Amino acid sequence: MSKDKHLKRGQIRALLHLQKGRCAITGKKLDPKNVSIDHIIPLSRKEFKDHPLYGKYWLVDTNVNRLKGALTLEELTETLNTINENKKITDNLKEILQNQNLAEMSKEEFDKYIDENYDDNGQIIK
């Protein structure tokens, strides 16, 4: 990495070669129109500033970079696993929302729901 913390063209070429033209996260072939330079450990995550990968880059698909945002790869993987595990529930919810109008809930009904399902710290208990 250069002193100004920006990759030089030659370094980008070296990354593309090292990664065999594939996204560092998905392994899919990179499309030159949709490739992003991604911080392996997001710079916004100061708690990782001593990590050896902090400030280092790799090449990823632009959509993957948007999805990753300020997550570490481990956090992204955990989130994607949770999404996959919840797919059936998500699909059911989408079907309900597509086929029904959302009725309003009264404040009294909502308060009862909160009292029955959340602890004093706002954490779900069921």
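Biologist: Strand β1 (residues 35-39) and β2 run antiparallel and pair over five bridges. What makes these two strands a pair?

Modeller: Two strands pair if DSSP finds at least two bridges between them. The model itself is predicted: local features need pLDDT of at least 70, side-chain atom pairs count only at pLDDT 80 or more, and totals for chains, interfaces and linings use all residues. Residues are numbered from 1 along each chain as its sequence is written, and side-chain values use heavy atoms, with hydrogens and water left out.

Biologist: Which residue of β2 stands opposite H39?

Modeller: Y57 in β2 faces H39. Strands here are DSSP runs of E with at least two residues, helices are runs of H or I with at least four, and both are numbered from the N terminus.

Biologist: Why is β2 called largely enclosed by the rest of the structure?

Modeller: Buried means under 20% relative accessible area, exposed means over 50%, and partly exposed lies in between (1.4 Å probe, protein chains only). Four of the five residues of β2 are buried, so the strand is largely enclosed.

Biologist: What makes a set of residues a nonpolar core, and which residues form the largest one?

Modeller: A core is a set of buried Ala, Val, Leu, Ile, Met, Phe, Trp, Tyr and Cys residues joined through side-chain atoms within 4.5 Å. The largest has nine residues: L15, C23, L30, I40, Y57, W58, L59, V60 and V64. Strand β2 (residues 57-61) gives the most to this core, namely four residues.

Biologist: Why is T62 called buried?

Modeller: T62 has 17% relative accessibility, so it falls on the buried side of the cut-off. T62 belongs to helix α2 (residues 62-68). Its contacts, meaning heavy atoms within 4.5 Å, are N34, V35 and S36 once neighbours within four places in sequence are left aside.

Biologist: Is T72 buried or exposed, and where does T72 lie?

Modeller: The relative accessibility of T72 is 5%, so this residue counts as buried. T72 sits in the loop between α2 and α3 (73-85). Beyond residues up to four places away in sequence, T72 touches P42, R45 and F48.

Biologist: How many salt bridges are counted, and why can such side chains pair?

Modeller: Side chains of opposite charge can pair when their charged atoms come close. The rule asks for a side-chain nitrogen of Lys or Arg within 4 Å of a carboxyl oxygen of Asp or Glu. By this rule the count is seven.

Biologist: How do you know that K94 and D91 form a salt bridge?

Modeller: Their N to O distance is 3.8 Å, so the pair passes the rule. K94 and D91 are three residues apart in helix α4 (residues 87-99), about one helical turn. K94 is exposed because its relative accessibility is 52%, whereas D91, at 31%, is partly exposed.

Biologist: What makes D111 and K107 a salt bridge?

Modeller: The closest N and O atoms are 3.0 Å apart, so this pair also meets the rule. D111 and K107 lie four residues apart in helix α5, about one helical turn. D111 has a relative accessible area of 30%, so it is partly exposed, and K107 is exposed at 57%.

Biologist: Why do E116 and K112 count as a salt bridge?

Modeller: The N to O distance is 3.9 Å, so E116 and K112 qualify. Both lie in helix α5, four residues apart, about one turn of the helix. E116 is partly exposed because its relative accessibility is 41%, and K112 is exposed at 52%. Elsewhere, salt bridges that share partners join R45, E47 and E75 into one network.

Biologist: How many aromatic pairs are there, and what makes the pairing of Y113 and Y118 edge-to-face?

Modeller: There is one aromatic pair. Rings of Phe, Tyr and Trp (its six-membered ring) pair if their centres lie within 6.5 Å; planes under 30 degrees apart count as stacked, over 60 as edge-to-face and the rest as tilted. Y113 and Y118 are 6.0 Å apart centre to centre, with 70 degrees between the planes, so they pair edge-to-face. Y113 is partly exposed at 34% relative accessibility, and Y118 is partly exposed at 27%.

Biologist: Where does I124 lie, and which residues does I124 touch?

Modeller: I124 lies in the segment after α5 (107-117). Not counting residues up to four places away in sequence, I124 touches N117 and Y118. The C-alpha atoms of I124 and I114 are separated by 8.7 Å, and these residues are 10 residues apart along the chain.
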